[in-house]
Amino acid sequence: MNLALWLLQAAPEAAPDNTNTIRIVAGVLALVCVVVIILRRKKKASSDDWN
């Protein structure tokens, strides 16, 4: 999240271009989805070890 905010602040002050913002938001959401999937798989794997 901090990286996304830093990227938004570091962007040059040009004409407002929504595609860059959409790309950044989509990238952050994709990263969050990957992290959630990995965490769920690890949690499921650890619970399978106990069964």
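**View 1. Val-28, a partly exposed residue of helix α2.** With a relative accessibility of 27%, Val-28 counts as partly exposed; here buried means under 20% relative accessible area, exposed over 50%, and partly exposed in between (1.4 Å probe, protein chains only). Val-28 sits in helix α2. Helices (H or I, at least four residues) and strands (E, at least two) are DSSP runs, numbered from the N terminus. What you are looking at is a predicted model, in which local features need pLDDT of at least 70 and side-chain atom pairs count only at pLDDT 80 or more, while totals for chains, interfaces and linings use all residues. Residues are numbered from 1 along each chain as its sequence is written, and side-chain values use heavy atoms, with hydrogens and water left out.

**View 2. Leu-3 together with Val-28.** Leu-3 belongs to helix α1, residues 2-10. Its relative accessible area is 54%, so Leu-3 is exposed. From C-alpha to C-alpha, Leu-3 and Val-28 are 9.0 Å apart in space, and 25 residues separate them in sequence.

**View 3. A nonpolar patch that includes Leu-31.** Leu-31, Val-35 and Leu-39 make a nonpolar surface patch of about 290 Å². Patches are made of residues with over 30% relative accessible area and no salt bridge, with like charges joined within 9 Å and nonpolar side chains (Val, Leu, Ile, Met, Phe, Trp, Tyr) within 5 Å. A salt bridge is a side-chain nitrogen of Lys or Arg within 4 Å of a carboxyl oxygen of Asp or Glu. Leu-31 lies in helix α2, residues 18-50, and is exposed at 56% relative accessible area.

**View 4. A positive patch that includes Arg-40.** On the surface, Arg-40, Arg-41, Lys-43 and Lys-44 come together in a patch of positive charge. Arg-40 is part of helix α2, and its 64% relative accessibility makes it exposed.

**View 5. Stepping back to the whole protein.** The protein has two helices and zero strands. Of its 51 residues, 2% count as buried.

Terms used. Areas by Shrake-Rupley, 256 points an atom, 1.4 Å probe, with all protein chains shown as cover. Lys, Arg positive; Asp, Glu negative; His and termini not counted. Charge placed at Lys NZ, Arg CZ, Asp CG, Glu CD.
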